[in-house]
Amino acid sequence: MAPSRGGLVRRLGGWRAIVWQAGLLLALAVLALWLAGNARANLQALGSRTGFGFLGEPAGFDIPQTLVAYSPQSTHARVFLVGALNTLLVAGLGVVFATALGLLAGLLRLSRNFLGRSLATVYVEAVRNTPLPIQLLIWFNLLLLAPPPARALQLLPGVHLTNRGLFFPWAGTAPRLEGFGFTGGAALSPALTALLAALVVYTGAFIAEVVRGGIQAVSPGQSEAARALGLREAGRLRLVVLPQALRVMIPPLASQYLNLTKNSSLAIVVGYPDLVSVFGNTSLTRTGQAIESIALIMLFYLAVSLLISLALNGWNARLARGDRR
Amino acid sequence: MSLAPDSPADRRSPLRRAVPLAAVLLAVAVAGCGDDPAPATATPQQPAAQQQPRTSQGAVRESATLRAVRSRGRLNCGVNHSLPGFAYPDNRGVWRGFEVDYCRAIAAAVLGDREAVQFVPVSPTERFPALQAGEVDVLIRNTSHTFSRDADLGFDFAAIYYFDGQGFMVPRSLNLRSAAELAGARICVITGSTTELNVADFFRSRGLAYEPVVVDRVEQARASYARQACDAITDDISGLASTRSVLDNPQAHVLLPDVISKEPMASVVRQGDDAWEDIVRWTFYAMVLGEELGATSDNVEQLRGSSRDPELRRLLGADGQYGRMLGLSDDWAFQVLRQVGNYGEVFETNLGARSPLRLQRGLNALWRAEQPGLLYAPPIR
């Protein structure tokens, strides 16, 4: 079962390569140990606490939006969970909407309609070439410009737009103006709206370019053949061009999804309680254990990113198999 | 110096076992990022934490931070970036405020020049790492002295320079009489501060619901409050007065009478450099003693020559050699009072009647003032 010794050595590139690789590995390990020891010694010299014991302590602060039960008596571990779920929520919604927007804008950029093509071009170029934090602040301040509850804008019966969020009927109750603002119904918070809008608009522009590139990578002969077969425009796109473009699009698309997920860590700019905001900021200030907190956050983003890559690679592999059939 | 034992904590934590090698590697990577610049910058912030202050040649003790400040020629002072009255750059870029003047007083005491300060603006979340990493020598940034910060974070609190408390500001038009009437309200609060914890405690202990609107920066809290995206804003009362002074119509907003916490604002130094902590503490006491003994920036020059009050003569370096016990020159307090002024002067200029904030002395009056406060400086002996 195991290859012969000679075979193994050959597979690793010969003895000389093995020595080099082992040396490099050793050097990396020594460097890592030295850095860890250094950090530990400095932290101890400063009298700082280390370790993960703080996760079991009560957090003491409130979080505006929680998908699971949470109170200030909950632990920092719970804060991590709440923040992680909020991150996944905004990333999940963001991926769906950004894909839709990107697909639309990408197709428009290739359309023969001058107005549509120009609009899409302006959108892509303007959004891709300005920094995301600036866009986030613009969205945040735009939402603040909405009227306060007393002068709420009624968009539809029961649907009110205010600078405290979009209120709409939910589970049988309609929002009404009472006390300090609206009660009843459900609301889309300005923080989530601003963050989602910024992420979707920003990533959508990149996805539009991915879509355009993918479609242009399909040989024009395919389109011509489809037309020769008598397929209409929509059928040509849906049945012939997009399936082939998809294979080119998936790897860059995956990287855009990763970017969106990682960019969601800018949430603190608009006060959305994502993982970095509640755990990497508030909990961290409370406990002072920066190395442990940041390491856990990095681990979370690493895991999510690897899962997204894995899923999209799997999809790509399935498409590739379909291609050979 | 207390060494924090980390292994018991590790063993207790189930997560430690669950997290595989990757976590360790990541932690190391982060640690590496944090550590590397320190040795490279050559400036002796690192030794400050590592070397114990030694007792050498009688009472003169060697402070690593003092040596670093001297060789650098300026003090690095961590301050707020936008808290009118306490610390803010004015429209010509000159730093002003009560906390800024405390920084200048330390520079005057240590280097003999109130201008020898580099002001380092830090956010609530950045402030502790900045101090820990040695980016600043002292943190004077409306930081409340609390138990866990003192015991757990590896810092020492040198002196409480302002006794504050947390309150609420609401639009006058709401006609509220107390914070208990804020049930169900949206309240703007800045993250990374004790205010976030106090407001949670306040409402939870009364069984009231509220909706926190948590933002990262005071500017965003102000903008949200000004646009009525939240009904109330909570902060230290001095901070609310500061916020009110920059709102469009300050008269349209009132501070509720409730004070929901004690916020003793203190200067913070790294734990382990006791001699430096003494300098930061006694610079503050010198300002308080100056007010108590009637020495102002205007008359201190003359008083040094003419005063017959023995305590004042010791303070100003006319008698005895008190300055060198701190490792400073003997006219250290004289320089503080001449170049910056006493506590009362600094308060009136930045926070009191001569400022837009118009704060009362309140708890921050001298212990023997007509309406006594809590300021009490030990004697120079």
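Start with chain B as a whole: of its 381 residues, 57% are buried, where buried means under 20% relative accessible area, exposed over 50%, and partly exposed in between (1.4 Å probe, protein chains only). This is a predicted model, in which local features need pLDDT of at least 70 and side-chain atom pairs count only at pLDDT 80 or more, while totals for chains, interfaces and linings use all residues. Residues are numbered from 1 along each chain as its sequence is written, chains are lettered from A and ligands numbered from 1 in the order in which they are written, and side-chain values use heavy atoms, with hydrogens and water left out.

**Chain B, overview**

Colour chain B by secondary structure. The count is 17 helices and 14 strands; helices (H or I, at least four residues) and strands (E, at least two) are DSSP runs, numbered from the N terminus. Contacts here mean heavy atoms within 4.5 Å. Among the contacts in chain B with a separation of 6 or more, 69% are between residues 24 or more positions apart.

**Strand S9 of chain B**

Select residues 166–171 of chain B, which form strand S9. Six of the six residues of S9(B) are buried, so the strand is largely enclosed by the rest of the structure. In a regular strand, side chains alternate between the two faces of the sheet. On one side of S9(B) are Gln166(B), Phe168(B) and Val170(B), and on the other Gly167(B), Met169(B) and Pro171(B).

Which strands pair with S9(B)? One is S12(B), residues 232–236, antiparallel over four bridges; another is S13(B), residues 253–255, antiparallel over three bridges. Strands pair if DSSP finds at least two bridges between them. To find the S12(B) pairing, select Gly167(B) and Asp235(B), which stand opposite each other. For S13(B), select Pro171(B) and His253(B), which also stand opposite each other.

**Aromatic rings**

Next, show the rings of Phe, Tyr and Trp (its six-membered ring); two rings pair if their centres lie within 6.5 Å, and planes under 30 degrees apart count as stacked, over 60 as edge-to-face and the rest as tilted. Over all chains there are 27 aromatic pairs. Select Phe168(B) and Phe202(B): their ring centres are 5.8 Å apart and their planes are at 50°, so the pair is tilted. Phe168(B) is in S9(B) and Phe202(B) in helix H10 (residues 194–205) of chain B, so the pair ties together parts that are 34 residues apart in sequence. Both residues are buried.

Then select a cluster linked by ring pairs: Phe86(B), Phe98(B), Tyr102(B), Tyr161(B), Tyr162(B), Trp282(B), Phe284(B), Tyr285(B), Tyr343(B) and Phe347(B). A charge sits over a ring if NZ of Lys or CZ of Arg is within 6 Å of the ring centre and within 35 degrees of the ring normal.

A salt bridge is a side-chain nitrogen of Lys or Arg within 4 Å of a carboxyl oxygen of Asp or Glu. The whole structure has 22 of them over all chains.

Select Arg104(B) and Glu115(B), whose closest N and O atoms are 3.2 Å apart in a salt bridge. Arg104(B) lies in helix H7 (residues 98–111) and Glu115(B) in the loop between H7 and strand S6 (117–121), so the pair ties together parts that are eleven residues apart in sequence. Buried or partly exposed? Arg104(B) is buried at 5% relative accessible area, whereas Glu115(B) is partly exposed at 48%.

Move to Glu277(B) and Arg281(B), a salt bridge at 2.6 Å between the closest N and O atoms. These residues are four apart in helix H13 (residues 274–293) of chain B, separated by about one helical turn. Glu277(B) is buried, at 11% relative accessible area.

Another salt bridge joins Asp330(B) and Arg324(B), 2.7 Å from N to O. Asp330(B) is buried at 16%, while Arg324(B) is partly exposed at 40%.

**Chain A**

Finish in chain A. Select Arg109(A), Glu125(A), Arg128(A), Glu209(A) and Arg212(A), which a network of salt bridges links. Arg128(A) also lies over the face of Phe206(A), at 6.0 Å from the ring centre.

The last stop is strands S1 (residues 153–156) and S2 (residues 159–162) of chain A, paired in the antiparallel sense over three bridges. Gln154(A) is opposite His160(A) in S2(A). The two strands form a hairpin with two residues between them, and Gly158(A) in the turn has a positive phi of about 85°.
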